[in-house]
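Q: I've got this one open and would like to go through some of the helices with you. Could you start with how a pair of them packs?

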2 protein chains.
Amino acid sequence: MEETFVIHGDLLWSDEDRELLMLEDGYLLVEEGRCAGVFPTLPESLSELPLEDYSHCLVLPGMTDLHTHASQYGIRGLGLDEELLVWLKKYTFPEEARFSDLSYAKRMYTAFTEDLLHGWTTRAVIFATLHTESTLLLMDLLEKSGLVTCVGRVNMNRDGGENLCESDAETALRDTEEWLDRCKGRYTNTTPIITPRFIPSCTDDLMKGLSEIAEKYGLRLQSHLSENPGEIELVKKLVPAAASYGAAYEDFGSLLNPETPAVMAHCVYSDEAEEALIMKHGTYIAHCPGSNMNIASGIAPAARFLRDGAHIGLGTDIGGGSTLALPVTMKEAMQSSCLYWRLCDSNVKPLSFAETFYMATLGGGSYFGKVGSFLKGYEADAVVIDDTDTRNGQALSLLERLERSVYTPSACRVSAKYVRGRRLNLS
Amino acid sequence: MEETFVIHGDLLWSDEDRELLMLEDGYLLVEEGRCAGVFPTLPESLSELPLEDYSHCLVLPGMTDLHTHASQYGIRGLGLDEELLVWLKKYTFPEEARFSDLSYAKRMYTAFTEDLLHGWTTRAVIFATLHTESTLLLMDLLEKSGLVTCVGRVNMNRDGGENLCESDAETALRDTEEWLDRCKGRYTNTTPIITPRFIPSCTDDLMKGLSEIAEKYGLRLQSHLSENPGEIELVKKLVPAAASYGAAYEDFGSLLNPETPAVMAHCVYSDEAEEALIMKHGTYIAHCPGSNMNIASGIAPAARFLRDGAHIGLGTDIGGGSTLALPVTMKEAMQSSCLYWRLCDSNVKPLSFAETFYMATLGGGSYFGKVGSFLKGYEADAVVIDDTDTRNGQALSLLERLERSVYTPSACRVSAKYVRGRRLNLS
């Protein structure tokens, strides 16, 4: 791949004010892995550059999946008429225990990586399991794919059920550091992320120790927050001194700081105090509307978070969510925001399409830096969507073609993907 | 096709008590278009019959789509950040007006019919538009597909916007009878259904006249009921004498009787009085959860209706819904029932998977008679699903394979379909 080249197609991207910008039949200049301008006609000065021509295709910024469990790919869609805490014990924990078997891990992590590679996603923040070997295997596969990811070896030393529990905090912390040592120098696109499963799975000393490791290594941290009323009650009992679930994380040091922000999945029941605390630490909210509906958690006030200026992106949350397809998550975000407005708070207007697209691209992407837009200086992540087969009766506007594609992604073909200006091998 | 034959595969079907029955590696005997028994091993007496072998595929009863608009296939997924009454004026009515152009109608109705044919659906209840010629064109295409459908030429003589309004009730009624005359003797699998769009679109005399035509011809009727608060307010103003929206239909004679039950789409805001009235007339509720979320209508208490013994099935409601795929509607039914339980009424437990499967098959199918099950005497509608590519990590149970397929339908292939024992041509 040349370092400087031009992508030609129907370009759509968000700006930092969450406006959706469009340029039909436009040209995106890529220089050394970054976007260097969009042009309605190709300037004479660029006419000698290599041209990647996707006429009549949609060219979008690659999307970011802020929260998903690679280790639950094998149980997606199963048992989704159960609620969170039951579902975890019945489906999730037994499935994750299988990842002590490297050949099983290879099979499922390969399927996960291939499907992620062929979708609209270019960046993802991922849970593995507590098994070091299979976590490294997943990281190797992701690195080879060319996607950019954060991957967490999961910590849990309490209540995980048979064969899925670390013995004690001290061992867990030592194993975590050993895993970090083994990651060192091994990856370009794959970063380890500290991953306490959630407070119910981790004792206080493990929580504190993990925050210390994150600080020591300059790493980030991911976990779950305020997903389900039963879970929140449980946290109240486990950490009675904390003012809220979010405050418990803060007390343990898990929220870190805005330079290395944590990602917290869900925040369905985060009230304004918890939201303020999240914003103070620059924490990223991974909004997972499909999962929240599937396992009856509720609806996170995503539109409120977004408009308040919180960092928020979308998460597919396999296996509470049933697909890695972020366009489906976009649909679910819009659907659940409509219901939130209708049933919960008529002051919070439903998410617009532009706001939802922003969350899927720049909103989540900004967790990785200047990512998720075609604005100048952003890393050149792009996904090329061939929407020829979406059966449009009459000529659609560019915006309508994007809407149609998001609502019927299985009628579309991802015909090319770029990450940091490098074309991925989709064959 | 032989009149008597055997289908071999992994069979799943609902019984009339909404239990999900399963027979792995089983045999379904089809005699003269009807199911005549299922067998765990092929009885000696049947061993000479032709065998349609789908080993390792899921074989399900064909699904019924109780409510969809063929004429809105061209706008699916567009403008779904608008609410019902705005969306109708901005997107729906202008699109439907295009169906005065037969070449446009042919293009879109062909796309609609092909996509319906290749999905999990074998029966459907469909809105066309107010144009007689293009409605007949749609009926011809559907007849040729082998699917069994009811198709309505839409009546609307009020407030349809430019180029989409019948001139007056008298003309509308005359045109409707002319359409019915032209249908006579033309179809085996395609039945005309009387279709007042909804009360806001039809004057009182048109509503009454349409009920009379339905009675005169022994036909059924379809419309929309209690979808959106704004719409309900409007009906209150338009028909001030009626006790409720449903009662207005009853007063106009639209609900007919249990022998020729009406289909009413949505019933999001049907309270217990309206529910009782619906049940008295044997009316079918077309539950359209995707559409109800997309255009911010709300959540219908589908689980309550079902458990109360009302007739209820699923509708994709193109273009409020964005896909003809009934498995997606099943997912949305489960998702929205979880939210109904969580946010609206904790006495109404979420739909189980088995209940949802029942609605998609027997629940809606019973509108067409003995349809939607492999029980003895049911018409032999079946859909064969190849789920090889759903990436199962370990051996799944038969139920889990069905769940996985419903949640990831785009990973499945519909490899054969039967309607009334006749194999459809999917090529």
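A: In this predicted model, helix 4 (residues 169–183) of chain A packs on helix 5 (residues 204–217) of chain A at an angle of about 25°, and their axes are 9 Å apart. Because angles under 35 degrees count as roughly parallel, helix 4 of chain A and helix 5 of chain A are roughly parallel to each other.

Q: And is the crossing of those two left-handed or right-handed?
A: The crossing of helix 4 of chain A and helix 5 of chain A is right-handed.

Q: Which residues meet there?
A: From helix 4 of chain A the residues include A:Leu173, A:Thr176 and A:Leu180, while those from helix 5 of chain A include A:Leu206, A:Gly209 and A:Ile213. By class, the contact of the two helices has eight nonpolar, two polar and four charged residues.

Q: Switching to chain B, what does helix 2 reach from end to end?
A: Helix 2 (residues 102–117) of chain B has 16 residues and reaches 21 Å from its first C-alpha to its last, which is close to the 22 Å expected at 1.5 Å a residue.

Q: Which of its residues are buried, and what do they pack against?
A: Among the buried residues of helix 2 of chain B are B:Tyr104, B:Met108, B:Phe112 and B:Leu116. The buried residues of this helix pack against helix 1 (84–97), helix 3 (132–145) and strands 5 (63–69), 6 (121–127) and 16 (413–419) of chain B.

Q: Last one, where is A:Ala276 found, and how accessible is A:Ala276?
A: A:Ala276 is found in helix 8 (residues 272–280) of chain A, and A:Ala276 counts as partly exposed because its relative accessibility is 46%.

Conventions. Residues are numbered from 1 along each chain as its sequence is written. Chains are lettered from A and ligands numbered from 1 in the order in which they are written. This is a predicted model: local features need pLDDT of at least 70, side-chain atom pairs count only at pLDDT 80 or more; totals for chains, interfaces and linings use all residues. Side-chain values use heavy atoms; hydrogens and water are left out. Axes are lines fitted to C-alpha atoms, for helices over the stretch in contact, and angles run from 0 to 180 degrees between N-to-C directions. Helices (H or I, at least four residues) and strands (E, at least two) are DSSP runs, numbered from the N terminus. Angles under 35 degrees count as roughly parallel, over 145 as roughly antiparallel, 65 to 115 as roughly perpendicular and the rest as oblique. A crossing is left-handed if the near helix is turned anticlockwise from the far one by less than a right angle, and right-handed if clockwise. Contact means heavy atoms within 4.5 Å. Ala, Val, Leu, Ile, Met, Phe, Trp, Tyr, Cys and Pro count as nonpolar, Asp, Glu, Lys and Arg as charged, and the others, Gly among them, as polar. The expected span of a helix is 1.5 Å times one less than its number of residues. Buried means under 20% relative accessible area, exposed over 50%, partly exposed in between (1.4 Å probe, protein chains only).
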